[in-house]
Amino acid sequence: MRDPVESVYSHGITCSTQVDTELLAKGFAGCAEPGDVFLLSGLIGTGKSVFARALIQKLLEPFDPGAEIPSPTYTIVQTYHAGQVRIWHADLYRLKDTSELNELGFDEAFEADICLIEWPELLGTRAPACATRIHFQHINDKPESRLVKIDPGREEIRTAFFGGALLQ
Ligand SMILES: Nc1ncnc2c1ncn2[C@@H]1O[C@H](COP(=O)(O)OP(=O)(O)OP(=O)(O)O)[C@@H](O)[C@H]1O
Ligand SMILES: [Mg+2]
């Protein structure tokens, strides 16, 4: 049987170091727009937060260079403002009940803001169909390498990815 992860994420790249993962994330920042949702999946310690932090820092650079991006593990959500654009960084690992998603305002955020969601499996059917899915995996015997699989959610992101713009 095909691994469900393999069948969704047909395109992958190897990030040999944390810096590679951060550069990839900054590439995504270049094409992120309000309404974009990035679902960041993968086991503990695979680099979801490293990726999210770098993407958010890049978006905040013109407004708040060097901004601290704390982990949302305990708060579930951290929000930021890049000018008029609101950014959500969520870690759903400790979500107790999916009804909390209503209270936190996720549905509105998916429409209007830029959202990065760790442990997106906990969204269940609320995960937007047009989200960009990014999956992180360890690579055997290479502690600093990650395989990053990408399923772009819209055409501009797909073009940027295949055009190599994300990797510069
Ligand atoms: N190529 C790489 N890309 C990203 N992180 C890397 C890489 N190589 C090593 N690391 C290390 O792996 C760890 C990734 O931690 P991170 O908090 O981003 O994981 P996570 O997927 O968010 O985990 P969690 O599920 O606990 O939130 C960091 O300590 C980072 O330094
Ligand atoms: Mg994390």
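Which residues of helix 3 are buried? In this predicted model, the buried residues of helix 3 are K48, F51, A52, A54, L55, I56, Q57, L59 and L60. Let's start with the whole chain and then come back to that helix.

## The overall picture

The protein contains six helices and seven strands. If you walk along the sequence, these elements come in the pattern α-β-α-β-α-β-β-α-α-β-β-β-α. The radius of gyration is 15 Å, close to the 15 Å that the globule rule gives for 168 residues, so the protein is as compact as a globular protein of that length.

Along its principal axes, the C-alpha trace spans about 40 × 40 × 30 Å. Of the 168 residues, 35% are buried. Take the contacts between residues at least 6 apart in sequence: 67% of these join residues at least 24 apart.

## Helix 3 and its partners

Helix 3 is made of 13 residues. From its first C-alpha to its last it reaches 18 Å, close to the 18 Å expected at 1.5 Å a residue.

What do the buried residues of helix 3 pack against? Their partners are helix 2, strand 2 (37-42), strand 3, strand 4 (85-91), strand 5 (114-118) and strand 6 (132-139). Among the buried residues themselves are F51, L55 and L59.

In soluble globular proteins, nonpolar side chains tend to be buried together. Here the largest nonpolar core has 37 residues, and F38, L40, L55, C115, L116 and I117 touch the most other members. Helix 3 gives the most to this core, with seven residues.

Setting aside its neighbours within four places in sequence, C115 is in contact with V37, F38, W88, A109 and F110. One of these, F38, is also among the core residues that touch the most other members.

## Around ligand 1

Now find ligand 1 in the structure. Which residues come nearest to it? Of the 19 residues around ligand 1, those are T21, G47, K48, S49 and V50. Helix 2 (18-31), helix 3 (48-60) and strand 7 (142-151) are the elements that give two or more residues to this shell.

What is the shell made of, by class? It has four nonpolar, nine polar and six charged residues.

V77 sits in strand 3 (residues 77-82), while L104 lies in helix 4 (residues 99-104). These two are 27 residues apart in sequence, and their C-alpha atoms are 8.2 Å apart in space. Beyond residues up to four places away in sequence, V77 touches P72, W88, A90 and L104.

I76 has a positive phi of about 70° although it is not a glycine. W119 also has a positive phi, near 55°, and is a residue other than glycine. You will find W119 in the loop between strand 5 and strand 6. With 19 other C-beta atoms within 10 Å, W119 is partly exposed.

Finish with D107, which belongs to helix 5 (residues 106-112). Why does D107 count as exposed? The reason is that D107 has 12 C-beta neighbours inside 10 Å, and a residue is exposed if it has 12 or fewer. D107 and A127 are 20 residues apart along the chain, and their C-alpha atoms are separated by 9.4 Å.

Technical notes
Residues are numbered from 1 along each chain as its sequence is written. Chains are lettered from A and ligands numbered from 1 in the order in which they are written. This is a predicted model: local features need pLDDT of at least 70, side-chain atom pairs count only at pLDDT 80 or more; totals for chains, interfaces and linings use all residues. A residue is near a molecule or strand if its C-beta atom, placed from the backbone, lies within 6 Å of it. Helices (H or I, at least four residues) and strands (E, at least two) are DSSP runs, numbered from the N terminus. Ala, Val, Leu, Ile, Met, Phe, Trp, Tyr, Cys and Pro count as nonpolar, Asp, Glu, Lys and Arg as charged, and the others, Gly among them, as polar. A residue is buried if 20 or more other C-beta atoms lie within 10 Å of its own, exposed if 12 or fewer, and partly exposed in between; C-beta atoms are placed from the backbone. A nonpolar core is a set of buried Ala, Val, Leu, Ile, Met, Phe, Trp, Tyr and Cys residues joined through C-beta atoms within 7 Å. Two residues are in contact if their C-beta atoms, placed from the backbone, lie within 7 Å. The radius of gyration is taken over C-alpha atoms; the globule rule is 2.2 Å times the number of residues to the power 0.38. The expected span of a helix is 1.5 Å times one less than its number of residues.
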